[in-house]
Amino acid sequence: MEFLTANIAPIMFAGLVVFLLLGYPVAFALAANGIFFGLVGIELGLLQPSLFQALPERLWGVMSNETLLAVPFFTFMGLILERSGMAEDLLDTIGQLFGSLRGGLAFAVIFVGALLAATTGVVAASVISMGLISLPIMLRYGYDRRLASGVIAASGTLAQIIPPSLVLIIMADQLGKSVGDMYAGAFIPGITLASLYVLYIVGVTIFKPAWVPALPPEARKLGEPNGSSGTPSFVVIFVLAVIAGALFDRFYYVPKYVDVPLDERLVIAAGAGAAFALAAAMVNRAFKLGLLSRLAEQVVFVLIPPLALIFLVLGTIFLGWATPTEGGAMGATGALVMALSRGRLSLKLTRQAMESTARLSTFVVFILIGARVFSLTFYGVNGHVWVEHLLTSLPGGQLGFLIVVNLLVFVLAFFLDYFELAFIVVPLLGPVAEKLGIDPIWFGVLLALNMQTSFMHPPFGFALFYLRSVAPSRDFMDKVTGKRTAPVTTAQIYWGAIPFVIIQLIMVSLLIAFPQMSLVYKTDLPKGDPDKAFEIPVEAPAAGNAADDIMKDLGGKNDDAGAEPATGKSAEEQAAEDLQKQFGGK
Amino acid sequence: MQGLLKLSRLIDAINDRIGNWVSWLILVMVLVSAGNAIIRKTLNMSSNAWLELQWYLFSAVFLLAAGYTLLKNAHVRIDVISGRFSARGQTWIDIFGTVFFLMPMSIAFLYLSWKVFVRTYTQHEISGSAGGLVMWPARLLVPVGFFLLTAQGFSELIKRVAFLTGHGPDPVPRGDTRAAEAELAEEIRKHAEGKA
């Protein structure tokens with residue numbers, strides 16, 4: 001008994017592992033663990049008998065958490081988008097654009113992967129589209145099978161780290177920071193990661209050119225009648241669009257609205273440039289001017305839908321028009337309109353998407369509810385103090401902590417998906433990181449980057465699994481060349497992923513070494529005009545809820561865990577307000 | 001047993017129907033939320049009631065669809081170990097989990113949240129923000145949702161006991177768990193071939 005009383009936190013944690021491994025749904029195993037040990041704690045006199053009276057308010061906190069709305073919004077958007085044919089068109093056309101280069105198809109896959117990630121990433125959908133559209137072409141023209149499958153799996157997982165990603169949203173919520181800041185913090189690491197992939201392919205084109213051949217002329221469907229590829233024409237229109245955007249910014253927008261922040265100008269200028277390119281392509285097509293090559297025209301047309309969606313989900317946030325959550329809703333609306341205009345939206349598809357969204361968001365929220373029941377007891381028995389003690393006593397300070405935590409998350413990600421990690425593990429790690437002086441945004445981006453690896457790691461990685469399900473697994477007859485083509489073996493998929501997992505780990509180390517990559521969010525906004533982009537009244541309740549998660553550590557919740565609901569609530573609100581001031585008014 | 005199986009089928013049918021209905025709220029939420037942002041930007045108007053409506057709707061989705069999600073076996077599990085068990089072994093785990101994990105949680109929430117609902121209702125509580133919505137409908141969602149979940153748990157229990165005692169089929173489709181991805185792949189493949 002004595003032993004149990006003294007060690008209830010570690011025992012409870014070990015119990016959680018057993019409960020989870022039993023294989024019953026995580027949400028209920030978590031809650032049951034909380035309830036069981038709560039009863040034990042009450043029996044031992046460690047907890048107030050009224051402990052569970054706090055449950056309804058905890059649930060209410062989950063319900064009124066507006067950040068969570070992003071889960072259904074982005075899920076729904078992704079489900080509509082994956083059936084809209086946008087990814088296929090992009091892969092087709094961008095493949096043509098880069099195809100004449102050595103390694104061009106691989107570059108196209110990375111570029112499209114990043115672009116899809118910036119609309120709303122769904123790893124499964126990206127990998128499946130690429131595996132069905134790009135992989136056959138790569139195989140047909142002699143790409144190395146390992147490299148081809150590796151680059152597809154890796155580019156698909158970019159969805160996890162490039163904003164807007166659900167991982168980042170949930171991470172921001174659980175760490176009590178604004179989603180906008182988390183996006184800003186993930187931008188440079190995300191782009192850097194994609195660039196590292198590109199760099200690797202560049203290296204391959206130099207040292208192993210046979211792995212990544214350029215497409216032969218007959219494979220370029222969008223070539224000009226005179227045999228030219230049409231690429232120079234695209235370069236011209238691209239440069240003109242950039243100039244148009246810059247001019248619009250310089251001579252119209254800035255003089256008209258004085259003192260606009262840089263991010264807002266960038267969004268507007270990009271919009272102006274894209275509008276220019278679209279107008280040029282439309283005029284060219286309508287009047288058959290022939291000033292643009294077919295390729296250039298086509299590229300402009302396929303790029304507009306994803307750019308428009310990126311504007312809706314990200315641009316509106318940086319302009320301060322919408323909250324990140326509303327950005328998700330705008331994106332979902334945009335995806336609906338786009339699918340409708342392409343004739344790909346049926347009642348059946350819409351219903352399927354809505355029902356899948358309802359199921360997915362329900363299980364996600366229930367994991368959170370389970371985690372809140374667990375944490376009620378776990379914090380009640382001072383489990384967070386135990387975790388903190390364990391982690392702060394690590395040698396090496398900040399660096400030691402980061403290395404251990406990253407290894408831990410890397411291993412845990414084999415078994416847990418990112419929702420479980422974010423709801424169970426992150427709330428325990430966040431306060432410790434903050435105590436060690438680690439910036440929460442930096443920390444969150446690091447963890448998101450780390451969790452991304454788990455999608456690619458043989459043999460459990462989901463991206464590999466999806467690719468396996470669509471890559472040819474036995475000899476097949478190529479439809480274009482009519483040649484018998486060898487399959488892609490599972491071993492090739494696994495080996496192909498390894499270089500990219502290594503790149504990923506290099507990126508994690510880079511971000512540990514250069515936290516500045518994630519800290520731009522602090523300097524991004526001009527001094528005289530703080531919070532312009534993010535200060536929208538709607539954000540307030542979200543921040544309050546997130547605050548609830550970490551407030552126990554700040555002493556707000558600890559003692560009143562077992563108090564009457566009425567007083568518990570007011571304390572909760574008070575603490576939330578305090579934190580809001582702290583976080584909202586940075 | 002036959003009577004219980006009948007009851008189980010009734011619960012399944014009700015939760016299935018409710019799940020299909022509340023799914024439409026996803027679309028409503030999307031439009032309400034996008035509308036909020038657009039109206040705030042263009043008309044410079046903002047209403048707390050409409051902002052609160054978003055999460056009222058979402059709460060309705062995940063609470064009322066809790067039973068439906070259980071019915072569809074869509075709550076995630078960690079199956080590294082249990083995945084190796086036989087169908088009967090997994091069924092035993094489900095029975096154990098339903099009785100000792102799901103039911104205590106579900107009944108605890110049902111009981112505790114009902115008391116809160118009664119308090120909110122009798123005191124006509126309104127949310128703190130100006131122009132906010134009345135709170136009792138959202139408070140009512142909780143006991144209703146957990147009632148549906150408890151009922152579904154009971155139904156799952158019946159189906160599993162029936163399976164073990166040879167009164168019914170295996171309630172869980174095993175093996176092909178990623179049907180959605182397979183379907184997507186099929187569609188993209190068709191699309192790609194149509195173009196080529």
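These legends go with several close-up views of a predicted model.

Local features are given at pLDDT of at least 70, side-chain atom pairs at pLDDT 80 or more, and totals for chains, interfaces and linings from all residues. Side-chain values use heavy atoms, without hydrogens and water, while residues are numbered from 1 along each chain and chains are lettered from A in the order in which they are written.

**View 1. Chain A as a whole.** Here we have 25 helices and two strands, taken as DSSP runs (helices H or I, at least four residues; strands E, at least two) and numbered from the N terminus. Of the 586 residues in chain A, 60% are buried; buried means under 20% relative accessible area, exposed over 50%, and partly exposed in between (1.4 Å probe, protein chains only). Take the contacts in chain A between residues at least 6 apart in sequence, and 79% of them join residues at least 24 apart, with contact meaning heavy atoms within 4.5 Å.

**View 2. The interface of chains A and B.** On the chain B side 73 residues are in contact with 78 residues of chain A. Together the two chains bury about 7000 Å², 73% of it on carbon and sulfur atoms; that area is the accessible area (1.4 Å probe) that two parts lose on being put together, summed over both. There are two salt bridges between the chains, a salt bridge being a side-chain nitrogen of Lys or Arg within 4 Å of a carboxyl oxygen of Asp or Glu. Which element gives the largest share of the side of chain B that touches chain A? That would be α4(B), with 17 residues.

View 3. Zoom in on A:E57 and B:R139, whose side chains meet at 3.4 Å, N to O. This pair crosses from helix α4 (residues 55-63) of chain A to helix α5 of chain B. Both A:E57 and B:R139 are buried. B:R40 and A:E326 also meet in a salt bridge, at 2.6 Å, N to O.

**View 4. Salt bridges within chain B.** The side chains of B:R160 and B:D94 form a salt bridge at 3.0 Å, N to O. It links helix α5 to helix α4 of chain B, with the partners 66 residues apart. Elsewhere, B:D16 pairs with B:K72, their closest N and O atoms being 3.4 Å apart. B:D16 is partly exposed at 26% relative accessibility, and B:K72 is partly exposed too, at 40%.

**View 5. A nonpolar patch on chain A.** Helix α12 (residues 231-256) gives the most, with nine residues. A:F276 sits in helix α13 (residues 262-286) and is partly exposed, with a relative accessible area of 34%.

**View 6. The loop at A:S454.** A:S454 lies in the loop between α20 (440-453) and α21 (462-470) of chain A. Its side chain reaches the backbone oxygen of A:M451 at 2.5 Å. Leaving aside residues up to four places away in sequence, A:S454 touches A:A413, A:G461 and A:F462.

Technical notes. Polar contact = N/O pair within 3.5 Å; in protein donor to acceptor, adjacent residues only side chain to side chain.
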